[in-house]
Amino acid sequence: MTIRRIAAACALIGVAGCNFDVTNPGPVQEKFLDDPNAQTAIVNGAGRDLSDALNWTAYTSAAVAREIFPAGSTGSFGISSQQQIGRLIPEETDSYWDRGQRARWEAETGAARFKTDLPPADYAKSKNAAQVLLWAAYANRLLGESMCDAVIDGGPRQAYTVFLQRADSEFTSAMAIAAAAGDTKTAQAAQAGRASVRVDLGNWTGAVSDAGAIPDAFTYQMPYYTTDADQYNRIYWADANSPYRAHTTWNTFYQQYYLDTKDPRVAWVSDPKNPVGDAAVLQLGRVPWYAEMKYNKKDAGINLSSGWEMRLIEAESKLKGGDVAGAMALVNKHRLSLGLTAWTAATTTDAWTMLKRERGIELWMEARRLGDLRRWKAANTPGVLSDFEIAGGAKSYLDAAQDLCYPIPLSETQTNPNLSKG
Amino acid sequence: MSWPRQPARLLVSFLTVIVVSAAAAAAQGPTGTVNGTVRRAGSEAPLAGVQVSIVGTRLGSVTKDDGSYAINGAPAGAQRVEARLIGSAPKITSVTVIAGGTTRVDFSLTATALTLEEVVVTGTAGQARRREIGNSISAVKADATPEAQTNVSALLQGRVAGASVQLSGGSAGAGASIRLRGISSVALSNQPLVYIDGVRVRSDEYPKNMPAGGASPNLRGPNVYASPLNDIDPNDIERIEIIKGAAATTLYGTEAAAGVIQIFTKKGAGDTRATWNFQTNQGFNRERPFGIDDGSPCSKTSECGKYLFVNPWLRDGQRQAYLGSVSGGVSTIHYFVSGGFDDNKGVLPHDDEQKFNVRGNFTFQPTQKLTFEWTSAYERDSITNTPAGNNAAGITLNAFRRNRNYFGSSNIDTISQVLTYQLNTWINHSVLGSTINYAPVPSVTNRLTVGLDRSELENRNLRPFGFVSLKQGGLNDQHWSSQMLTANYVGNFEHDVSVAGTGVHSTFAWGAQSTTTDVRDLQSYTEGFPGPGIPTVSSGSQWNGVENRTRVVTAGFFFQEMLGWRDRLFLTAGVRFDGNSAFGKNLGLQQYPKVSASYVISDEDFFPKQLGTLKLRAAFGEAGRAPGAFDAIRTYLPVGWGGAAAFRTNTVGNPDLGPERSRETELGFDASTLNERATFELTYYSTRTVDALLPVRQIPSDGFLASQLENVGTLQKSGLEMQLAGDVFRSRPVTWNLGITTAFNHSKTLSLGGAPKFQIGNFGWIVEGEPVADIRGRKVTNANDIADPQIVQDYSFGPSQPTKIFGLTSAFRFARGIELSARAEYQGGNYLDEDASYQALSRAVQWPLCFGAPGYTSGSTDESKWTAWERAICDSKNVRSDMFLFPADFFKLRDVTIRAPIPQRLLTGAHAGSVSLSVENWYRWQRKEFRLFDPEMAGNDGFNSTVRYISEHIPAPATVLAQLRLTF
């Protein structure tokens, strides 16, 4: 009996003192991010999540803005039935908002972490700091050009321009640090990005000044990878017949335009073996499947900034100043370099029409068109859109109440006390 | 004190000392043989599976199909022989065993569900008689179930009040969900804990066969989950005990809030002669209609709405099984060895599940004080599947959507191109357990069980070179393993408390348990094969790898005291202490108290004997549910970006995270009357889960998108369970036995602790004041009007789990042992998202739900004659995903079976034999609003999701099985 009692007591004490401190592999605890060797992964994490946000937003914005036309799938690689008619509703916009906010937060907290962890002199010339600030700025630009309102770190609702102002500031910081680090490419990307947000903010002087520093041939792309489906270019994959044929250039401005001009920027192909999309849409049933070729592989990058965009910024600035000839020269500069026929414009209105066409072509499916449409609508600029882009029009199949920005989704309004309280 | 890794080690050492010190064999005296036959009172039909034993010894036998038994080595002299069968009143007969001779003892057992002397194990500290237990405990005896057994899940359906067992789909290998008293947890698994012969085994599902990587590739597969519970051969089972709530599961501690199912396998008995059993099942699976009969003929070349156009690919799947076992032993050694092969071809073209099982159970009793039990089982499951579910490369999705599928064609040959998809799953599942019972003196018992449950699975998912939607091909290979190491020690000390002859008896129990779970998962994925051939992962041009490992340690100990007064009033109190590696670092050991009372009032002199037997009972107890391995810490995920390292935000973390606690009060009684012809059990329970773990959504603009578990909620559920069983009439030509189970369960979210309402998937919402979970979505309020739809958003339809479950078993037992039985079940009161219709209609697929809308099938867009409901769902501009929330009530005839013994003159060499024919799940009724599919189905999430939905699957098929059993 004595042995048993002792043994039982030992067992109970043993359990009470059992080592439950199990560290499982996989997820990384936050304290490890303070390791200087983790900086690159922090930068890349922000970059990956920005690429993810851009991937989703570029695709859906392209559908809502009729850069592409829905051709079937409504699910994870498709266009929902509401988006097919140009509606962006709070029940469906969490994917875009959440991804964009995560990218912004990761990049901004990454920059703050570097600023804390690095000596000031090192931070001022840190390539990692410049890069993470660049991702933060592009994330804010994506949010600012796409969302109807802004919220920062669980705060109250603010004007969407708050995102753009943060982008302006972060582009500025990235430029300075990249320049100090001797990273010309990053510095130019930051300046080009700043030019674009200054357009959005109405700072045309600043925009033109920045644009002028960027050469025609400059491009800065968000990369995509073949590693796994989450890192594929989503617009390509939704249209790669593997098995999705979720969108088409049929019934868009670009369908006939490409046939007429063979402009390589808006190329598309048809496939006799797969003449229609992967399901029926709207009241149209099956629609012809014309696959865009701008993104023709899984790892096709999406432009974040380019020299040709800068020329169009300069052109728009001239147009705002009434210099039609000067504007058209810049509108046509890339066209001529591609061997295309130049647009002509006899009137200011025609010039605006051509500028809007050319921005559509140049920035096709880059998550920029919705922002442009909102901006031009707010400024009541002259010029007409294509019949295929007009809300409520017979050709566009867009609802008259087409949305030009993403509302704050339920995922934010139902969790953020600053919003849910009214 | 920090005890390294395995708390079981100390227990093992402890018991080893005890065992070694006691290893002395008892001397044997003169012996004789006791034999006889056990029959059912009334019909006098022979009873199989009855345990017959010499009281006070471990000598015993189990009756064969003809009711006969024999016990050799019985001590000569006056003995008491006892016959026990679950569902029957035990009987004891005094005999004098003649040394070297044979003594015949026949029994006639009366069917009754109330057997207060029956010993049960689950939820008790060691073991206890039913009269001593203050909580409800259900038991199912496999031999008493007439139908041809196919799996453990099916065995439980309709037989246990408060248990909802639902089939998940028509693909081979698909498991079933088990919910005891509805949902216990919002965020964690609701599958009950499962023990086999004291060894904890995995109860959650196996991983499904799908490619690694995010987004849609994870849909490419059969989209079904296999269940470890179905690995056990139901023919090896002696009985199953089920305890359903925290009042009964306290001694299982932190992980037991969803209930416990304990399976006891056959052990053999002290026969000198081996008993051989051979059995074969032959039959087929057939899909029953699950669509709308649009009048079009069903053939291989035409559409048929009854099967949602998938009929060209449906077949009758052959089912065959061959099983054998041998059991027996001598007085000190018992054995049960079995083996079997089951080939279950599904109704889809490639679906096939082949199971191979072996089991060896051995009991060695060197002395009256010491018993060693060894159980071992191995199962090899080979599953071949057809691509199905919400899968663009699946046969069902493309068949349902016809010419608006991913091929743009309803052509059979075109769709059949997906059949080159190769989906294979291989599972090796071993359960090893060793139990030592040591009673150094009659008043003290010790029991130690050490067990290992190990499952290894390989999923191979191959789209070969040239596959229709991935021309270069792709291959995913997953190697996954789960290992659970269990150590469980229980000690008991019984003694009379001598207080002036009050007749108070004390049983003090103590024990300790540990479970260490180790899950490892390694997947490799490749695409881009250079050409045809049989590829490996190395054959592709690009690769991707995924690895996950989690280890969770749970350990605890308990004390319990039971006081019995005059063997009729019992008071029990106990407490369990638990630690868990997934708790937050600020949390220590957790305590779970219990108290219960049982009063056999019918033993009192004042109780009118003509009323029968009545036991009153009450119990209160707590149990918990532990969070996941990573839930307490703030983490980032290493996700990679291209070829570079990258971090992504993952979980916010919560250092105070602990288990959620379910506090349950149970009140009820067990009664029998009409001379034990009828028994009645009634249980009321009320459960409050405090510190409920809720997946609190984070604010997206704060950067963390994943929900964080927090102990903030309070949930409540309550219900009533009734079980009525008895012989409606008994006569020699026929006895009619009827059993009815009824359960009502209502749940409510009392508090979210300030967190906003949130969705846990498939339109199941957690909202204060509403059921757990509450199905919410859009309701068309003027559905039948010829008008534009009036739609209410966020409408509360009702609970996601059945609130009403009725089971009915009926058996006519005729003379000569012929038995005709039926089992039926109704579950309802809940709602379910039927998503397949939304997925089709949002793509403007011509869908049977809209065939009644004027002009719809001819392509007219004139909606002027359409009802509001038709305008809402049949116009793809209007349709929304949360419009297809339907009442999920269903009634199923689970089985109809006729069984008959084979006349002795037809048996050549066999001792006994029987034949049976079972028709299972042939008839189904569902609400008229639920027009397509089967409300019992699950979607791509599998059977274990907290809120199920329906995706592009087919329902589980009906089965027709003929069975032949022979005993030698």
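**Close-up views of the predicted model**

**View 1. Asp774(B) stands opposite Pro799(B) in β40(B).** Strand β39 of chain B (residues 774-780) runs antiparallel to β40(B), and 6 bridges join them. Strands are DSSP runs of E with at least two residues, and helices are DSSP runs of H or I with at least four, both numbered from the N terminus. This is a predicted model, in which local features need pLDDT of at least 70 and side-chain atom pairs count only at pLDDT 80 or more, while totals for chains, interfaces and linings use all residues. Residues are numbered from 1 along each chain as its sequence is written, and chains are lettered from A and ligands numbered from 1 in the order in which they are written.

**View 2. The open sheet of chain B has 4 strands in the order β37-β38-β39-β40, with antiparallel pairing.** Strands β37 (758-759) and β40 (791-799) of chain B stand at the edges with a single partner strand each, so one side of each has no neighbour in the sheet. Two strands pair if DSSP finds at least two bridges between them.

**View 3. The largest nonpolar core has 254 residues.** Val132(A), Leu133(A), Trp135(A), Ala139(A) and Ala174(A) have the most contacts inside this core. Apart from it lies another core of 23 residues, among them Leu59(B), Tyr69(B), Ile71(B) and Ala83(B). A nonpolar core is a set of buried Ala, Val, Leu, Ile, Met, Phe, Trp, Tyr and Cys residues joined through C-beta atoms within 7 Å; buried means that 20 or more other C-beta atoms, placed from the backbone, lie within 10 Å of the residue's own.

**View 4. Ala139(A) touches residues including Leu50(A), Ala53(A) and Gly100(A).** Ala103(A), Arg104(A) and Ala107(A) are also among the residues touched by Ala139(A), not counting residues up to four places away in sequence. Contact requires C-beta atoms, placed from the backbone, within 7 Å.

Definitions and conventions:
A residue is buried if 20 or more other C-beta atoms lie within 10 Å of its own, exposed if 12 or fewer, and partly exposed in between; C-beta atoms are placed from the backbone. Two residues are in contact if their C-beta atoms, placed from the backbone, lie within 7 Å.
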